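Student: I have this one open and would like to talk it through. Can we start with the ligand site?

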Amino acid sequence: MSAGKKFTATTDVAGESDILQRGGSNRGRRVCVVGGGIGGLTAALAFARSGAQVEVFEQATALGRIGAGIQITPNGARALEALGLRGALDARGVQATAVQPMDALTGRAVTRFDLGRLDGPPYRFFHRADLIDLLAGACRGAGVQVHLGAKADTSRCDADLVVGAEGIHSPTRAVLNGTDVPFFTGQVAWRTIVPANDVAPVAKIWMAPRRHVVTYPLREGLLNVVAVEERDGWAAEGWTHADDPANLRAAFADTCAPLRHILKQVEQTNLWGLFRHEVAAVWSRDQLAILGDAAHPTLPFLAQGANLAIEDAFILARCCDAQRSIEVALKTYEDARKSRVQRAIEAANANARNYHLSGPARRVAHIGLKTLGVIAPSVFLRRMDWLYGYDVTSDDAV
Ligand SMILES: Cc1cc2nc3c(=O)[nH]c(=O)nc-3n(C[C@H](O)[C@H](O)[C@H](O)COP(=O)(O)OP(=O)(O)OC[C@H]3O[C@@H](n4cnc5c(N)ncnc54)[C@H](O)[C@@H]3O)c2cc1C
């Protein structure tokens with residue numbers, strides 16, 4: 001992309017008016033997106049905003065039914081705001097004030113990282129259904145045709161560009177890379193929503209040996225809960241596997257009363273075996289590209305899977321808008337994204353280890369975190385600059 005050229009939108013808050021650059025190479029292109037998740041819908045919106053004719057095919061008969069909470073960090077928010085969604089994000093999200101690592105056994109806060117120190121757009125919590133709904137509304141407003149109950153095959157789509165955004169079990173990834181053989185990480189995750197007693201806009205990470213729970217509030221007095229436990233056996237990968245809430249409570253039976261109280265309220269939960277996948281070696285060929293979990297499934301310990309999918313989507317549209325040749329654009333996209341997603345994935349993997357420490361290592365780590373929070377609270381957030389400070393609209397991003 002030529003220096004100084006920014007791929008930005010100055011649309012109104014609802015994202016209805018559309019004054020994105022319409023003179024770029026995307027103008028008039030036919031783009032087919034398979035998968036109406038966060039990545040697919042963001043891509044559809046970014047292409048539509050730059051003048052492409054976009055169709056989305058989603059196999060589910062309704063959008064956004066699966067999932068619970070999702071944290072959208074400043075890096076992802078920057079892309080969504082550049083697509084004109086700031087007002088909608090403010091209206092549907094909860095603006096987070098802090099991340100608070102907790103000792104799950106004693107219930108004491110280990111430290112607190114004040115998110116007000118971050119530059120850029122707010123760090124927000126969403127119900128996934130709300131985020132999907134606002135993206136789908138913006139897509140429709142921008143002229144995207146969204147087909148529901150439409151299981152599609154990217155190899156059969158007839159378009160100038162076909163985007164595989166089918167998530168973790170992407171058939172397009174398999175077409176480009178052969179069969180992916182993920183390995184079980186030795187961790188399972190429960191995901192659920194309960195009524196919130198404490199609606200302070202804080203993400204709490206309740207850490208215990210070989211386990212942790214992340215809680216944060218959503219709109220309308222709800223609390224999102226993700227609990228992770230190390231296990232030898234494994235559950236299948238996917239959110240449709242219901243589990244007995246008693247199993248979740250049993251896994252955290254020795255933790256502090258406030259955490260047990262939260263888990264006591266769980267009426268329904270799903271369990272997912274967490275698997276590691278390699279970042280796909282090949283992200284594009286001819287007029288076909290993959291993004292988001294289809295290209296690089298990410299463990300949830302840094303809350304970045306959806307944020308990276310949003311970044312991918314914006315950068316893909318941006319690269320295509322800047323190039324007449326789709327093949328050159330897709331190569332630029334792939335080159336721009338791979339090292340960043342690899343770094344985020346490695347950071348997420350490291351977090352899993354840090355949350356689950358036991359014995360002396362746990363004590364030392366907690367003292368270290370506490371000290372950091374007291375004597376240099378901005379150091380932790382500065383260490384995250386590479387992640388949260390990333391700007392999809394900047395020249396450096398491509
Ligand atoms: C416990 C947990 C917590 C998480 N929390 C966060 C968080 O806080 N922040 C964050 O950034 N990320 C988080 N993530 C990760 C995030 O949910 C995913 O990375 C993100 O949803 C990936 O988006 P995607 O659009 O690539 O794929 P998906 O969301 O999986 O969407 C793929 C879509 O494609 C559809 N599809 C599949 N095949 C076809 C087909 N053949 N035809 C038509 N449609 C098809 C599917 O139905 C689906 O709607 C979390 C993940 C987990 C497991």
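Student: Which helix gives the most to the shell around the ligand?

Tutor: H8 does, with four residues. Keep in mind that this is a predicted model.

Student: Which other elements supply at least two residues of that shell?

Tutor: Helix H1 (38-49), strand S3 (69-72) and S10 each do, as does helix H8 (305-321).

Student: And how many residues surround the ligand in total?

Tutor: 34 residues surround the ligand. The closest are Gly35, Gly37, Gly167, Gly292 and Gly305.

Student: What about the shell by class?

Tutor: The shell has 16 nonpolar residues, 13 polar ones and five charged ones.

Student: How many bridges hold S4 to S7?

Tutor: Two bridges, in the antiparallel sense, between S4 and strand S7 (residues 124-127).

Student: OK, switching to S10. What is the strand order in its sheet?

Tutor: That sheet is open and has eight strands, ordered S6-S5-S11-S12-S13-S10-S15-S14, and the pairing is mixed. At the edges are strand S6 (113-114) and strand S14 (242-243), each pairing on one side only.

Student: How does S10 run relative to S13, parallel or antiparallel?

Tutor: Antiparallel: nine bridges join strand S10 (residues 183-195) to strand S13 (residues 222-230).

Student: Which residues of S13 stand opposite Val188 and Thr192?

Tutor: Val188 stands opposite Glu229, and the bridge partner of Thr192 is Val225.

Student: And on the S15 side, how many bridges?

Tutor: Seven, between S10 and strand S15 (residues 269-276), and that pairing is antiparallel too. There, Ala189 stands opposite Trp272.

Student: What do side chains do along a regular strand in general?

Tutor: They alternate between the two faces of the sheet.

Definitions and conventions:
Residues numbered from 1 in each chain as written. Predicted model: local features only at pLDDT ≥ 70, side-chain atom pairs only at ≥ 80, totals over all residues. Pairing = 2+ DSSP bridges. Near = placed C-beta within 6 Å. Nonpolar A, V, L, I, M, F, W, Y, C, P; charged D, E, K, R; others polar.
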